[in-house]
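Hi everyone, thanks for coming. I'd like to walk you through one model today, so please have a look at the screen.

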Amino acid sequence: MPHPQRCRRIASLPTFAFFKPAGVPGRTLPEVELTVDEYEALRLADYEGLYQEQAAERMGVSRQTFGRIVEAARKKVAQALVEGCALRIEGGEIEMAEMRAFECDDCQHVWEVPFGTGRPAECPACKSKAFHR
């Protein structure tokens, strides 16, 4: 008997949750559902370029579990692109991370702020406005 799935930690919900081919009415398209944790795995691995060990740690899962999540996500995105399906992002067993981490592009300082406090105005170490999550 498999053990129950643990919640996967995500940094934030996606800003956009539905994508479709241009010029085709959405109601006529088959949909592929990407779960929020699969979206987060793609964001960490492919958008942020993290190694699987680092990304797995951020999501609170093992490296092997992260690998399975990102593999499933890539397959679903590829299916939507190749077959011209709509892609909907929703669902999954998730929990919001309590803190957001930022890194300064100028001095490489890393700091955390609680969720819900808004984006910082500047790096606390060098006052640069060039930083990212």
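A word on the ground rules. This is a predicted model, where local features need pLDDT of at least 70 and side-chain atom pairs count only at pLDDT 80 or more, while totals for chains, interfaces and linings use all residues. Residues are numbered from 1 along each chain as its sequence is written, and side-chain values use heavy atoms, with hydrogens and water left out.

So, the layout. The protein chain has 3 helices and 8 strands; these are DSSP runs, H or I of at least four residues for helices and E of at least two for strands, numbered from the N terminus. In order, they read β-β-β-α-α-α-β-β-β-β-β. The C-alpha trace spans about 50 × 45 × 25 Å along its principal axes. Of the 133 residues, 33% are buried, meaning under 20% relative accessible area with a 1.4 Å probe, protein chains only.

Now the cores. A nonpolar core here is a set of buried Ala, Val, Leu, Ile, Met, Phe, Trp, Tyr and Cys residues joined through side-chain atoms within 4.5 Å. The largest one has 21 residues, and Leu 34, Ala 41, Met 59, Phe 66 and Val 70 touch the most other members. Two or more residues each come from β3 (31-34), α1 (36-47), α2 (52-59), α3 (63-83) and β4 (86-89). There is also a second, separate core of 6 residues, including Phe 102, Val 113, Cys 123 and Phe 131.

Let's zoom in on α3. This helix has 21 residues and reaches 30 Å from first C-alpha to last, close to the 30 Å expected at 1.5 Å a residue; the expected span is 1.5 Å times one less than the number of residues. Its buried residues are Thr 65, Phe 66, Gly 67, Ile 69, Val 70, Ala 73 and Ala 80, and their cover includes β1 (8-10), β3, α1, α2 and β4. Beyond its neighbours within four places in sequence, Val 70 is in contact with Ala 41, Leu 42, Ala 45 and Gln 52, contact being heavy atoms within 4.5 Å. After α3 comes Gly 84, with a positive phi near 70°.

Last, how many disulfides does a search of the whole structure find? The count is 0, taking a disulfide as two cysteine sulfur atoms within 2.5 Å. The sulfur of Cys 123 has its closest cysteine sulfur in Cys 107, at 3.8 Å, too far for a bond. Cys 123 is buried at 0% relative accessibility, and Cys 85 is buried at 7%.

Key
Buried < 20%, exposed > 50% of the residue type's maximum accessible area, 1.4 Å probe, protein only.
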